[in-house]
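This report describes the fold of a single protein chain for a reader who has not seen it before. Please look over the sequence and the structure first.

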Amino acid sequence: MKRWTVLGLSALWVASMVFLPVVGGWAAEKGGKAVTITGEAIDMACFFAKGAKGSGHEKCARMCIKGGVPAGLLADDGKIYILAGDMMENPEVFQKAKEYAAKRVSVTGTVIEKDGAKLLVVQSVQPAR
Ligand SMILES: [Cu+2]
């Protein structure tokens, strides 16, 4: 990872820790409809910087996500979602989602779109068939 990427994503991560509880509560309040999206759990740093994904990148993806890089979902239709946890309702599921780095998963949750970015608030996650 390039240094600026690490710095930028670290800042994003810090911001996410501050705002996610608010976002999670907001999603629940709005009664957003849950959807299930299948794809690969990616580490956003390496994917954005060099398109890294797949089983050959699993070790790095695990390390990046464990180190605080945001986890994302590269959906089968090519769309990219930032994975977020509902820290008030369901924090352990988000932690579980991060363990699937570089694996195919089906994530159920609510999608919040803002200025072209898509956030997927994880309600449940399971290995994709
Ligand atoms: Cu990586």
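## Basis and overall make-up

This is a predicted model, in which local features need pLDDT of at least 70 and side-chain atom pairs count only at pLDDT 80 or more, while totals for chains, interfaces and linings use all residues. Residues are numbered from 1 along each chain as its sequence is written.

The chain holds 4 helices and 5 strands. Helices (H or I, at least four residues) and strands (E, at least two) are DSSP runs, numbered from the N terminus. Read from the N terminus, the order of elements is α-β-α-α-β-β-α-β-β. Of the 129 residues, 31% count as buried. A residue is buried if 20 or more other C-beta atoms lie within 10 Å of its own, exposed if 12 or fewer, and partly exposed in between, with C-beta atoms placed from the backbone.

Among contacts with a separation of 6 or more, 71% join residues 24 or more positions apart. Two residues are in contact if their C-beta atoms, placed from the backbone, lie within 7 Å.

## The barrel

The 5 strands form a closed barrel in the order β1-β2-β3-β5-β4, with mixed pairing. On average, neighbouring strands of this sheet are turned by 55° against each other, direction ignored. Strands pair through backbone hydrogen bonds, either parallel or antiparallel. Here two strands count as paired if DSSP finds at least two bridges between them.

| Strand pair | Sense | Bridges |
|---|---|---|
| β1 and β4 | antiparallel | 6 bridges |
| β1 and β2 | antiparallel | 5 bridges |
| β2 and β3 | antiparallel | 3 bridges |

Glu-40 has Arg-104 in β4 as its bridge partner. Ile-42 stands opposite Gly-72 in β2, and Leu-73 stands opposite Tyr-81 in β3.

Which residues of α4 are buried? They are Phe-94, Ala-97 and Lys-98. Seen down the axis of α4, these buried residues fall within an arc of 100°, so they line one face of the helix. The arc is that of the directions from the helix axis to the C-beta atoms. The buried residues of α4 pack against β1, α3 (58-66), β2, β3, β4 and β5. The face turned away from the buried side of α4 carries the exposed residues Glu-92 and Gln-95.

Lys-96 is also found in α4. Lys-96 counts as partly exposed, because 16 C-beta neighbours lie inside 10 Å. Its C-alpha atom and that of Val-125, 29 residues apart along the chain, are separated by 7.6 Å.

In α3, the residues Ala-61, Cys-64 and Ile-65 are buried. These buried residues fall within an arc of 90° seen down the axis of α3, so they line one face of the helix. They pack against β1, α2, β2 and α4. On the other side of α3, Lys-59 and Lys-66 are exposed. Just after α3, Gly-68 takes a positive phi of about 115°.

## The nonpolar core

A nonpolar core is a set of buried Ala, Val, Leu, Ile, Met, Phe, Trp, Tyr and Cys residues joined through C-beta atoms within 7 Å. The largest such core has 25 residues, of which Ala-41, Leu-83, Ala-97, Leu-120 and Val-122 touch the most other members. At least two residues of this core come from each of β1, α2 (44-50), α3, β2, β3, α4, β4 and β5. The largest share, 4 residues, is supplied by β5.

Leaving aside neighbours within four places in sequence, Ala-97 is in contact with Ala-41, Ala-71, Leu-83, Val-107, Val-122 and Val-125.

Most residues other than glycine have a negative phi. Ala-102 has a positive phi of about 70° although it is not a glycine, and Asp-115 has one of about 50°. Ala-102 is placed in the loop between α4 and β4, whereas Asp-115 is placed in the loop between β4 and β5.

Are these residues buried or exposed? Ala-102 is buried, with 21 other C-beta atoms within 10 Å. Asp-115 is exposed, with 4 other C-beta atoms within 10 Å.

Note on methods
Axes are lines fitted to C-alpha atoms, for helices over the stretch in contact, and angles run from 0 to 180 degrees between N-to-C directions.
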